[in-house]
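Here are my notes, as promised. Have the model open while you read them.

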There are 2 protein chains.
Amino acid sequence: MNEKVERCLEQHVHPELLAHVKLDMPDVEDLYDLAELFKVFGDSTRIRILYVLFESEMCVCDIAALLNVSQSAISHQLRVLKQARLVRNRRDGKTVYYFLADDHVRAIIGQGMDHIKE
Amino acid sequence: MNEKVERCLEQHVHPELLAHVKLDMPDVEDLYDLAELFKVFGDSTRIRILYVLFESEMCVCDIAALLNVSQSAISHQLRVLKQARLVRNRRDGKTVYYFLADDHVRAIIGQGMDHIKE
DNA sequence: CTAACATATGATCATCTGTTCATATGTTAT
DNA sequence: ATAACATATGAACAGATGATCATATGTTAG
């Protein structure tokens with residue numbers, strides 16, 4: 001592979017600090033997972049689905065109707081949300097109800113909302 | 001435009017609840033902004049930059065060296081982070097130092113980390 | 001079993017994204 | 001003014017993403 005390290009001729013931060021930063025960085029893998037998680041929040045359809053589920057569990061077809069998005073699109077997005085463990089579901093006959101997996105979802109979205117509102 | 005509303009033959013949630021959910025939804029515009037914000041967190045290079053800035057302000061070239069990413073790529077990403085008001089910068093001679101704009105960044109990333117760690 | 005409904009899934013396609021490369025801009029020292 | 005360094009920016013291209021369409025799967029009623 002090619003060498004990408006570019007180094008300032010003079011380092012602008014103390015070498016000890018650089019070392020410290022490196023040590024304090026989480027594993028690359030965790031950082032990757034973290035980015036993947038936020039990617040899931042980074043789509044307005046998915047954000048809207050999550051907001052709907054803030055209030056109540058709901059079936060696919062009601063979510064689709066409420067958000068005016070096709071059943072297929074909602075189903076695909078629910079799959080993404082489920083894989084990210086942000087929602088879970090339960091089946092009741094023909095109907096599948098989705099609900100928030102835990103309260104991190106509210107916390108994360110809440111913090112995001114604080115930021116854009118300030 | 002085409003009609004996308006698909007409605008369940010029988011509604012599975014109470015109509016009052018549906019109405020309530022609609023009322024409680026933030027403006028479409030805010031939801032869009034929120035998704036845009038999370039999109040910014042949804043890239044591992046940008047997440048890594050933010051983590052570096054957790055510890056200390058840092059110049060572009062030190063960030064690039066630390067993360068082993070080209071100066072150009074870092075600069076492009078810092079621009080994205082700045083536009084999202086997640087980082088700010090100050091110039092000192094030839095050097096431009098970037099630093100976290102506020103503590104929402106830590107809070108949001110912290111919540112995300114909690115989620116993936118559980 | 002069959003029809004009808006609810007949901008899931010695979011393929012396709014247009015659009016968006018992140019990196020690279022080349023180059024421009026800004027700053028300092030000589 | 002000029003060279004050298006630090007950063008920013010625009011074009012271009014490969015890879016990712018989200019909606020649509022067609023269809024498959026799962027479930028219940030008759």
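1. A charge counts as sitting over a ring if NZ of Lys or CZ of Arg is within 6 Å of the ring centre and within 35 degrees of the ring normal. Arg106(A) does this on the face of Phe54(A), 5.1 Å from the ring centre. In chain B, the charged end of Arg106(B) is over the ring of Phe54(B), at 5.2 Å from its centre.

2. Some housekeeping: this is a predicted model, with local features needing pLDDT of at least 70 and side-chain atom pairs pLDDT 80 or more, while totals for chains, interfaces and linings use all residues. Residues are numbered from 1 along each chain as written, chains are lettered from A and ligands numbered from 1 in written order, and side-chain values use heavy atoms, without hydrogens or water.

3. Now the aromatics: the whole structure has five aromatic pairs over all chains. The centres of Phe38(A) and Phe41(B) are 5.1 Å apart with planes at 40°, so that pair is tilted. (Rings of Phe, Tyr and Trp, the last by its six-membered ring, pair with centres within 6.5 Å; planes under 30 degrees apart are stacked, over 60 edge-to-face, the rest tilted.)

4. Which chains does this pair join? Phe38(A) is in helix 2 (residues 28-41) of chain A and Phe41(B) in helix 2 (residues 28-41) of chain B, so it joins two chains. Helices here are DSSP runs of H or I, at least four residues, numbered from the N terminus.

5. Phe41(A) and Phe38(B) also form a tilted pair, 5.1 Å centre to centre and 40° between planes. Ring pairs link Phe38(A), Phe41(A), Phe38(B) and Phe41(B) into a cluster.
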